[in-house]
Amino acid sequence: MAIEYLKRGKSDTERADDDAKTRAAVETALADIEARGDVAVRELSESFDSYTPASFRLSTAEIEDLIAQLSPRELEDIRFAQTQVRNFAEAQRASMLDIEVETMPGVILGHKNIPVQSVGCYVPGGKFPMVASAHMSVATASVAGVPRIIACTPPFQGKPNPGVIAAMHLGGAHEIYVLGGIQAVGAMAIGTDTIEPVHMLVGPGNAFVAEAKRQLFGRVGIDLFAGPTETMVIADETVDAEMCATDLLGQAEHGYNSPAVLLTNSRRLAEETLSEIDRILGILPTAGTARVSWEDYGEVIVCDTWEEMLEVADDIASEHVQVMTERDDWFLEHMTCYGALFLGPRTNVANGDKVIGTNHTLPTRKAGRYTGGLWVGKFLKTHSYQRILTDEAAAEIGAYGSRLCMLEGFVGHAEQCNLRVRRYGGVNVPYGEGAPAREAAE
């Protein structure tokens, strides 16, 4: 048995961004937004995006004008993608039931799934206008029933991008702001004179956006901690090198630090994929970005056995895992750590990113070990409730509660229970003592 790296990416230490500088810059910016509100937001937008309109919030007329700039085909494509996202989100929502059960005579327990009351959706757009990210956050929050959805996106090449704005509007955003980076995330979470703060932040972004969400977590909820896009292709000789190379580079173009990993049990496929990557990089228009990611973060790993492949895959816990083998269902059954699976050669990550209907905001940096991605359930809070209907139940539960509180030394807690035992059970429990067992009381 052996696990062999034909190509390695940077080590974890080498991969670390200058986190201290990022953290300090974000701390300073958020403190400035807290202190000076809209003035700080405007200065940050001017500094980072050279964009200071009369109002960052788009009016209805401005939104309609931007949507009118799209062709009928472009609008239809956006609507089609949102229909797929909504359909899957609605099916997921239908699986989340409110419940109420009688766990013993007279004792009713239940829970309700209540939407988060306000959500700020960040849609990145500095390098590419991320139209699809609006579907994933705004439309999904809409299906969850969030009553206030605001959406922020940076200007693209100096102005609002019509496709992104259309997707936000059609997805169900109630307020749309052309505002990016730390200033957008900070304004949504902290609030300013013109932007009411939200209860939750969602959506991907660059290192500064991710760090801002991290620092604001607790003050507001967040979907997850996100890093650069990651992809893994698990393949055997049922597919060819062109498909493997295309799927790896298709995600490597996201940025200069997007890990892409080929995991295979075929040395021949591994070597041919390396050659095919070189060929495609010679013709890919976005090779300037993809090449850097591949050279610095690309990996090719050859294993002897399926079990080794599974072990490596779960250890890396990649955001996107494309499985193209004779054992696709075996990986579906046994893999436990990943963002999302894409099974079979007919499936690909780009479809998942843009249109197929599953959510593309997924865990990175091994977070797939403990969380899944954004979905309709992230916008819902499950709250329990309880009700005791009969005197008998109040006395019985109260007696158990009294004794268990005394076991822990909580006398005041015990008295809450004792009061019910006295009133509804007719048992005179001495103040500050545990209630007697039923047999003793009788």
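## Overall build

The protein chain holds 18 helices and 14 strands. The model is a predicted one. Its C-alpha trace spans about 90 × 65 × 45 Å along the principal axes.

Of the chain's 442 residues, 49% count as buried. Contacts with a sequence separation of 6 or more were also examined: 72% of them join residues 24 or more positions apart.

## Surface and charge

The accessible surface of the protein chain comes to about 21,100 Å². Carbon and sulfur atoms account for 52% of that surface.

Among the side chains, 38 are positive and 62 are negative. The centres of these two sets lie 5 Å apart.

## A parallel sheet

Five strands form an open sheet. Their order is β6-β5-β4-β7-β8, and the pairing is parallel. The edges belong to β6 (175-178) and β8 (221-222). Each has a single partner strand, so one side of each is left without a neighbour in the sheet.

Strands of a sheet pair through backbone hydrogen bonds, either parallel or antiparallel. Here, β4 (residues 119-122) and β7 (residues 200-202) run parallel and are joined by 3 bridges.

## Annotated binding-site positions

An unreviewed UniProt entry places the feature "binding site" at Q251, H254, D353 and H413. These positions are spread over 163 residues of sequence. They are spread in space too, with up to 56.1 Å between C-alpha atoms.

## H254 and D353

Two of the annotated positions can be followed further. H254 sits in the loop between α10 (241-252) and β10 (260-264). D353 lies in helix α15 (residues 349-354).

Is D353 buried or exposed? D353 is buried, because its relative accessible area is 7%, and the cut-off for buried is under 20%. H254 has 28% relative accessibility, so H254 counts as partly exposed.

Which residues does H254 contact, leaving aside its neighbours within four places in sequence? They are K127, F128, M130, T229, T289 and D353. With residues up to four places away in sequence not counted, D353 touches A132, M136, Q251, H254, H320 and H360. Two of these, Q251 and H254, also carry the UniProt "binding site" feature.

Methods
Residues numbered from 1 in each chain as written. Predicted model: local features only at pLDDT ≥ 70, side-chain atom pairs only at ≥ 80, totals over all residues. Heavy atoms only, no water. Pairing = 2+ DSSP bridges. Helix = DSSP H or I, 4+ residues; strand = E, 2+ residues; numbered from the N terminus. UniProt positions renumbered as here; feature names shortened; annotations may be inferred. Buried < 20%, exposed > 50% of the residue type's maximum accessible area, 1.4 Å probe, protein only. Contact = heavy atoms within 4.5 Å. Areas by Shrake-Rupley, 256 points an atom, 1.4 Å probe, with all protein chains shown as cover. Lys, Arg positive; Asp, Glu negative; His and termini not counted. Charge placed at Lys NZ, Arg CZ, Asp CG, Glu CD.
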